[in-house]
Amino acid sequence: MKEFLELRRDRRTVAMIIVLPLVLLVVFGYAASFNVDTVSTRVVGPQAQQVAGELRDPFDVAEVDPQGDEAGAREQLRDGEADVVVIAGDGGSRALVDGSQLFVAKAAVAELAQRGGDIDAEVLYNPDLETSWVMVPALVGLILMFIGTIITSIGLVRERQAGTLEQLAVMPFRPSDVIAGKIAPYFALASLDMVVVTVVGCLLFGVPFEGSVVLFALGAALFLFTVLGIGVLVSTVSQNQGQATQMAMMVMLPQILLSGMIFPLESMAVGVRWIGYLLPLTYFIQISNGIMLRGAPIASLWLPLTVLAGMAALVFCSAVLRFRRDLAPSRPAAKGADTSVEAGGAR
């Protein structure tokens, strides 16, 4: 009876026992698929209209441009505007495939091979379709998320249990100052890990780094600010390190499964896919993939960068507000305690 009563009071554990299996069931039922049903396709060249009419599923022809050429086709792939661009010339057709989208590229190459070779395929940005080439950019985001969410939340909860946060509450610091001071070491540690993982991944697996280092650092900084803010939010709703770990895992699990890191977004059901578009890891993977493999410029990455900037601002502001409310009860109590001591001394 005692154990049942304690379990009833521990609502977070009950939620994990009941909700988490249901979440896993839905996620794996609707998202765990490597089958790609839609390949975003553009057709350019003099015979574009004719070739576009001959393409069937999974090729989804979004644009037909008879005036287009190969240079423009390569630029479209670099900017992530299409998964496949078919160059339909008078002497035959050739398809350029974006190899940085691994599962989409494999589906496209397999379908083109079944057509009997009437359209030759050339895979760009990952010519051998190596899994490591698309996993290393995603793993950089996973490591940043791990440090920013789990390590940060556990560290702040540990300080609350030790009483140091209450000491900061009576000092002349704003909540934003306290949060900035708390996350600064984690930001530095995660940045160091990002550099190490990126360099080792490039050297060990031969993953190229085609784009701008500065642009990559900007995207990583925006993503890191977002996950650090999430870590602070998790710490404010957790009473101990066990609860912080549970909450952080519940936040991380959907991002691992629904961000496109393991299962391609194109293979997910529409409802589940939109959940993936609400997760910060989804946009960092787009940034890291685009910069490392395709050398994408900032003009083609403005959308994920803007979304991450908005997420970082929203999460950080929410963390400051939550942190201020979390520390607010300590301030009057400390003031009252000082008054009672003075009164006791006077008596």
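Two residues are taken to be in contact when heavy atoms of theirs lie within 4.5 Å. In this predicted model, Phe-209 touches Thr-198, Cys-202, Phe-216, Ile-291 and Met-292 by that criterion, residues up to four places away in sequence being left out of the count. Phe-209 itself is located in the loop that runs between α8 (175-205) and α9 (213-236). Among the residues that Phe-209 touches, Met-292 is 83 residues apart from it along the chain, yet the C-alpha atoms of Phe-209 and Met-292 are separated by 4.2 Å. With a relative accessible area of 28%, Phe-209 is classed as partly exposed, because that class covers values between the 20% limit for buried residues and the 50% limit for exposed ones.

Met-292 also takes part in a helix pairing, being one of the α12 residues that meet α6. Helix α12 (residues 280-294) packs with α6 at an angle of about 135°, the two axes being 9 Å apart, and α6 and α12 are therefore oblique to each other. The crossing in which α6 passes α12 is right-handed. On the α6 side, the residues that meet α12 are Trp-133, Val-134, Val-136, Pro-137, Ala-138, Val-140, Gly-141, Leu-142, Leu-144 and Met-145, whereas α12 contributes Leu-281, Phe-284, Ile-285, Ser-288, Asn-289, Met-292 and Leu-293. Of the residues in this contact of α6 with α12, 14 are nonpolar and 3 polar, with no charged residue present.

Helix α6 (residues 131-162) packs as well with helix α10 (residues 241-258), at an angle of about 165° and with the axes 9 Å apart. Since angles over 145 degrees count as roughly antiparallel, α6 and α10 are described in that way; their crossing is right-handed. The α6 residues in this contact include Leu-142, Met-145, Phe-146, Ile-150 and Arg-158, and those of α10 include Ala-244, Ala-248, Met-249, Met-252 and Ile-256. The residues of the contact of α6 with α10 comprise 11 nonpolar, 6 polar and 1 charged. Leu-142 and Met-145 of α6 belong to the contact with α10 and also to that with α12.

Over the protein chain as a whole, the secondary structure consists of 14 helices and 5 strands. The chain has 347 residues, of which 43% count as buried, and it exposes about 17,000 Å², with carbon and sulfur atoms supplying 63% of that area. Among contacts in the protein chain with a separation of 6 or more, 72% are accounted for by residues 24 or more positions apart.

Technical notes. Residues numbered from 1 in each chain as written. Predicted model: local features only at pLDDT ≥ 70, side-chain atom pairs only at ≥ 80, totals over all residues. Heavy atoms only, no water. Helix = DSSP H or I, 4+ residues; strand = E, 2+ residues; numbered from the N terminus. Buried < 20%, exposed > 50% of the residue type's maximum accessible area, 1.4 Å probe, protein only. Areas by Shrake-Rupley, 256 points an atom, 1.4 Å probe, with all protein chains shown as cover. Axes fitted to C-alpha atoms, helices over the stretch in contact; angles between N-to-C directions. Parallel < 35°, antiparallel > 145°, perpendicular 65-115°, else oblique. Left-handed = near helix turned anticlockwise from the far one by under 90°. Nonpolar A, V, L, I, M, F, W, Y, C, P; charged D, E, K, R; others polar.
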